Amino acid sequence: MTTASFIANRLQLTGPVPTSLRCRYVGYRPFIERMFTKKGIKGRLLHRALHDQYATIYGYEKDTEWGVVKPSDDDEDTGRAFAEKFLQMTSFGTQRRIFTYVITLDGEMRFTETGEEFTIELLSKHSMHADGAKEIAHSGEFFVRLMEGHKGELRGKDEGNPGVIDEPRSENPKHYELVIDNDSGTYRPRKELLPTLEEFLASDDNFGGLGRVLTMDCFDETLKKWKKEQSEIKSRAREKGKKGGPPKMVQVRSDSSMSSVVRSIENGNGR
């Protein structure tokens, strides 16, 4: 298996986060419940494994890039700068990327690209992004795309994926929309919260510099269709762009002892 870098992103949104945006984990499997409550030795081991995954993915190292969007006297300029930074972090939505995200109670948005070539074994993706927090503001998946009527211009090959075909891209944030949902099995945000999430994210202090922020329920048939199209186009593009050999894969593994803990709890042997 060929490996590739796993890019994790942390973006501080401007708060305060609306008080109604509050989601608690759902202990839908025995090991999930024990992991969050840290009940017993096995629960503590699972929670530690989760924290170790978080530290591995979000830990600072020599290659970590960080910065601050400097405020301007012109709110529109500040909004555009923030939107530009977000688009850079998401590669302008090229190659139909889909991201898994959480928003913490203090307004930090954490996200990584998701897909068949990105695997986090054993533990829930959203609980990892949340570093095992029992409550968060929101979670799900999102993607960024050019809005209708804005075809963009060819910008050359994707530097992060040199084998991938060229794709049109615009440099104007107003040409893009953020489509974001509540697709999270761990926290399961209610669809009634989506209008509040949309208002928060679309504010001038956050993603108001984009063309549009659109929140959708994960069970919406139109959204399912869009996601399927995103995945299919991405798969075809990367297949066409390959220069021999299998696609790059990224896997973050937990050790075998942790897998044994999960199996033990799921079989009813945990205490």
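Ground rules, quickly. Residues are numbered from 1 along each chain as its sequence is written, and side-chain values use heavy atoms, with hydrogens and water left out. Because the model is predicted, local features need pLDDT of at least 70 and side-chain atom pairs count only at pLDDT 80 or more, while totals for chains, interfaces and linings use all residues.

Let's start with charge. Side chains of opposite charge can pair when their charged atoms come close. The cut-off here: a salt bridge is a side-chain nitrogen of Lys or Arg within 4 Å of a carboxyl oxygen of Asp or Glu. The structure holds 16 of them.

One is R10 with E108, at 3.2 Å from N to O. R10 sits in strand β1, residues 8-12, and E108 in strand β4, residues 108-114. So this pair ties together parts that are 98 residues apart in sequence. A word on those labels: helices (H or I, at least four residues) and strands (E, at least two) are DSSP runs, numbered from the N terminus.

R10 is at 33%, so R10 is partly exposed. E108 is at 12%, so E108 is buried.

E108 also meets R110 in a salt bridge, at 2.6 Å from N to O. Both R110 and E108 are buried.

Next, K227 and D183. Their side chains form a salt bridge at 3.4 Å, N to O. K227 lies in helix α6, residues 221-241. D183 lies in the loop between β10 (176-181) and α5 (194-201). So the pair ties together parts that are 44 residues apart in sequence. K227 is buried, at 13% relative accessible area. D183 is partly exposed, at 31%.

Now the helices. Helix α2 covers residues 40-58, which is 19 residues. From first C-alpha to last, α2 reaches 27 Å. That is close to the 27 Å expected at 1.5 Å a residue. The expected span is 1.5 Å times one less than the number of residues.

Which residues of α2 are buried? They are G43, L46, H47, A49, L50, Q53, Y54, I57 and Y58. They cover an arc of only 155° around the axis, so they are on the same side of α2. The arc is taken over the directions from the helix axis to the C-beta atoms. The general rule behind such a pattern: an α-helix has 3.6 residues a turn, so residues three or four places apart point the same way. On the other side of α2, I41 and T56 are exposed.

How do α1 and α2 pack? Helix α1 is residues 30-37, and its axis comes within 7 Å of the α2 axis. The two cross at roughly 80°. That makes α1 roughly perpendicular to α2. On method: axes are lines fitted to C-alpha atoms, for helices over the stretch in contact, and angles run from 0 to 180 degrees between N-to-C directions. Under 35 degrees counts as roughly parallel, over 145 as roughly antiparallel, 65 to 115 as roughly perpendicular, and the rest as oblique.

The contact, meaning heavy atoms within 4.5 Å, has two sides. α1 brings F31, R34 and M35. α2 brings G43, L46, H47 and L50. The buried residues of α1 are F31, I32, R34, M35 and F36.

Now S127, in helix α4, residues 125-129. S127 is buried, at 0% relative accessible area. Leaving out residues up to four places away in sequence, S127 touches M35, F36, L50, G132, T186 and Y187.

Last, the backbone. What joins G15 and P16? A cis peptide bond, with omega about 5°. P16 lies in the loop between β1 and β2 (23-24).

Two residues to check for positive phi. K38 follows α1 and lies in the loop between α1 and α2. Its phi is near 55°, a positive value in a residue other than glycine. K38 is partly exposed, at 43%. S91 lies in the loop between α3 (75-89) and β3 (98-103). The phi of S91 is also positive, near 55°. S91 is partly exposed, at 25%.

How values were computed:
Buried means under 20% relative accessible area, exposed over 50%, partly exposed in between (1.4 Å probe, protein chains only).
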